[in-house]
Amino acid sequence: PRRLNIGVMKSPVEEVKESGSGVEVNGKFYDNSVDGVQEIIALMRKIEAGDVELAKSKGGSNDPTKPLLREKEENCLSAYFNRWKHKRDAPYLQSTNVVVWSWIGSFLGIAVLCYIHYEVCLKYTENLIFIVGSFGAQAVLLFAAPKAPLAQPWNAVIGNGVSAFAGICAWHIVGDGLGVMWLAGALAVSIAIVFMHWTNSLHPPGGATALIAVMEMKRVHELSFLYILFPAMLASMVHVAVALVVNNISADPLRSYPMTWIPFNMKPKTK
């Protein structure tokens, strides 16, 4: 049997005992009839939800009709740590086909960006760059999880763009302006997340793009707001173009990319 202790106002602690043939509340037994079961289930739901209204059951001297409250432990620490529990099984290992195409796509995507960066930007321009660390994370999304909502073209391009804007603003105002680098870094990432939420372009590599704008990287600081274009948005466009070609070469329908071009859902929410 399973026991549930309940804190009750102006009364001793009540006890609910559940067994195979029915439910016993304060010494009163409820059988497994439809009415009895439905009524006691409703009562126990009120108990577990911490409902302070009257939870009434069938007549009798032992009816639990007093206001019910959860125990203090369930209201705080117990309920909190219950959220730490394991909730689902880990995914199975990916097939060889998925692994190979993820490798091919990520290799080609980063190769293209690095070639433009080293063979064009660094050789023929003074301060332009075409790749930063966040594009490694972007490659994981575009080629290893192309169906993920956060890997779609709008998220990759706009998410990186607004994050770069947040990072450069944080650098100019707080980092370079006030000289408080730790605060500039925190603001860059947190504000980037807000901007991505507002534009429905949540993209995890965007957090890195924002943080890189604050770190001690001379070329990024020299670029200033041009960093939004080089490399945040333009390189993301090139990366997405590679993903469009490579992901759709595979015959695997699960690698079809993109899932959506439209960033906002205009349909009314259903209740």
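User: Why is the meeting of the Lys218 and Glu222 side chains called a salt bridge?

Analyst: The gap from N to O is 4.0 Å. The label needs a side-chain nitrogen of Lys or Arg within 4 Å of a carboxyl oxygen of Asp or Glu, so this pair gets it. Keep in mind that the model is predicted: local features need pLDDT of at least 70, side-chain atom pairs count only at pLDDT 80 or more, and totals for chains, interfaces and linings use all residues. Residues are numbered from 1 along each chain as its sequence is written, and side-chain values use heavy atoms, with hydrogens and water left out.

User: How do you know how far along the helix Lys218 and Glu222 are from one another?

Analyst: Both sit in helix H9, 4 residues apart, which means about one helical turn between them. Helices are DSSP runs (H or I, at least four residues), strands are E runs of at least two, and both are numbered from the N terminus. The protein has 10 helices and 5 strands.

User: What makes Lys218 exposed or buried?

Analyst: Lys218 has a relative accessible area of 63%. Buried means under 20%, exposed over 50% and partly exposed in between (1.4 Å probe, protein chains only), so Lys218 is exposed. Glu222, at 42%, is partly exposed.

User: How many salt bridges does the structure hold?

Analyst: There are 2 in the structure. Lys123 is exposed at 53%, while Glu119 is partly exposed at 31%.

User: What makes His221 buried or exposed?

Analyst: His221 is at 16% relative accessible area, so it is buried. This histidine lies in H9 (residues 218–223). Leaving out residues up to four places away in sequence, His221 touches Trp171, Ala213, Val214, Met215 and Glu216; a contact here is heavy atoms within 4.5 Å.

User: What covers the buried residues of H5?

Analyst: The cover includes H4, helix H6 (153–176), helix H8 (205–214) and helix H10 (229–249). Helix H5 spans residues 134–144, and among its buried residues are Phe135, Leu141, Leu142 and Phe143. Across the protein, buried residues make up 36% of the 271 residues.

User: Why is the Tyr80 and Trp84 pair called what it is?

Analyst: A search of the whole structure finds 8 aromatic pairs. Tyr80 and Trp84 are one of them, 5.8 Å centre to centre with 65 degrees between the planes. Rings of Phe, Tyr and Trp (its six-membered ring) pair if their centres lie within 6.5 Å; planes under 30 degrees apart count as stacked, over 60 as edge-to-face and the rest as tilted. That makes this pair edge-to-face. Tyr80 is partly exposed at 46%, and Trp84 is exposed at 58%.

User: And what makes the Trp103 and Phe107 pair stacked or edge-to-face?

Analyst: The planes are 10 degrees apart and the centres 5.4 Å apart, so by the angle limit the pair is stacked. Both residues lie in H4, 4 residues apart, about one turn of the helix. Trp103 is exposed at 55%, and Phe107 is partly exposed at 48%.

User: Which residues do ring pairs link into a cluster?

Analyst: Phe165, Phe195, Trp198 and Phe225.

User: What makes the nonpolar surface patch?

Analyst: Leu77, Tyr80, Phe81 and Trp84 make a patch of about 500 Å². Patch members have over 30% relative accessible area and no salt bridge; nonpolar side chains (Val, Leu, Ile, Met, Phe, Trp, Tyr) are joined within 5 Å, like charges within 9 Å. Areas come from the Shrake-Rupley method with a 1.4 Å probe, and for residues only the protein chains shown count as cover. Trp84 sits in the loop between helix H3 (77–82) and H4 (96–124).

User: What about the backbone of Asn200 and Ser224, and what is phi there?

Analyst: Asn200 has a positive phi of about 55 degrees, although it is not a glycine. Ser224, also not a glycine, has a positive phi near 55 degrees. Asn200 is in the loop between helix H7 (181–198) and H8, and it is partly exposed at 40%. Ser224 is in the loop between H9 and H10; at 18%, Ser224 is buried.
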